[in-house]
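Subject: Handover of a structure and findings

Dear colleague,

Please find the structure for your review directly below. A written account of the findings comes after it.

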Amino acid sequence: MDIFEADDNSTPLTAEEKDSLKLKWITLRSELNEVEVRSAYIAALRKADAGDYSALMEFTQKK
């Protein structure tokens with residue numbers, strides 16, 4: 001599944017999904033998707049800071 005294509009962003013997470021998260025404030029799939037995208041972007045920036053721009057280039061080419 002592509003993280004940029006959400007199925008139904010207003011769908012509440014199941015109790016099992018919520019229990020497995022470190023960020024307990026996340027209750028909707030849209031919130032989880034947003035955090036995942038932000039985390040991927042931060043990881044790409046860290047790689048770029050270390051001189052590897054491939055992840056950042058890939059991230060910025062996503063639609």
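Predicted model: local features only at pLDDT ≥ 70, side-chain atom pairs only at ≥ 80, totals over all residues.

Residues are numbered from 1 along each chain as its sequence is written, and side-chain values use heavy atoms, with hydrogens and water left out.

Overall make-up

The protein contains 3 helices and 0 strands, where helices (H or I, at least four residues) and strands (E, at least two) are DSSP runs numbered from the N terminus. Read from the N terminus, the order of elements is α-α-α. Of the 63 residues in the protein, 17% are buried; buried means under 20% relative accessible area, exposed over 50%, and partly exposed in between, with a 1.4 Å probe and protein chains only. Among contacts (heavy atoms within 4.5 Å) with a separation of 6 or more, 18% are between residues 24 or more positions apart.

The core and its surroundings

The largest nonpolar core consists of 5 residues, namely Leu13, Leu21, Ile26, Leu32 and Val35. Such a core is a set of buried Ala, Val, Leu, Ile, Met, Phe, Trp, Tyr and Cys residues joined through side-chain atoms within 4.5 Å. Beyond residues up to four places away in sequence, Leu13 touches Lys18, Leu21, Ile26, Thr27, Leu28, Arg29 and Leu32.

Thr27 lies in the loop between H1 and H2 and counts as partly exposed because its relative accessibility is 34%. Apart from neighbours within four places in sequence, Thr27 is in contact with Thr11, Pro12, Leu13 and Lys18. Leu28 is located in the loop between helix H1 (15-19) and H2; its relative accessibility is 28%, so Leu28 is partly exposed.

Pro12, in the segment before H1, is exposed because its relative accessible area is 54%. The C-alpha atoms of Pro12 and Leu28 are 4.4 Å apart, although the two are 16 residues apart in sequence. Pro12 touches Thr27 and Leu28, residues up to four places away in sequence not being counted.

Arg29 belongs to helix H2 and is buried, because its relative accessibility is 17%. The side chains of Arg29 and Glu17 are joined by a polar contact of 3.2 Å; a polar contact is a pair of N or O atoms within 3.5 Å, where within protein one must be able to donate a hydrogen and the other to accept it, and residues adjacent in sequence count only if both atoms are side-chain atoms.

Packing of two helices

How are helices H2 and H3 arranged? Helix H2 (residues 29-49) packs against helix H3 (residues 54-61) at an angle of about 145°, and their axes are 7 Å apart. Axes are lines fitted to C-alpha atoms, for helices over the stretch in contact, and angles run from 0 to 180 degrees between N-to-C directions. On the H2 side, Val37, Ala40, Tyr41, Ala44, Leu45, Lys47 and Ala48 meet Ala55, Leu56 and Phe59 of H3.

Yours sincerely
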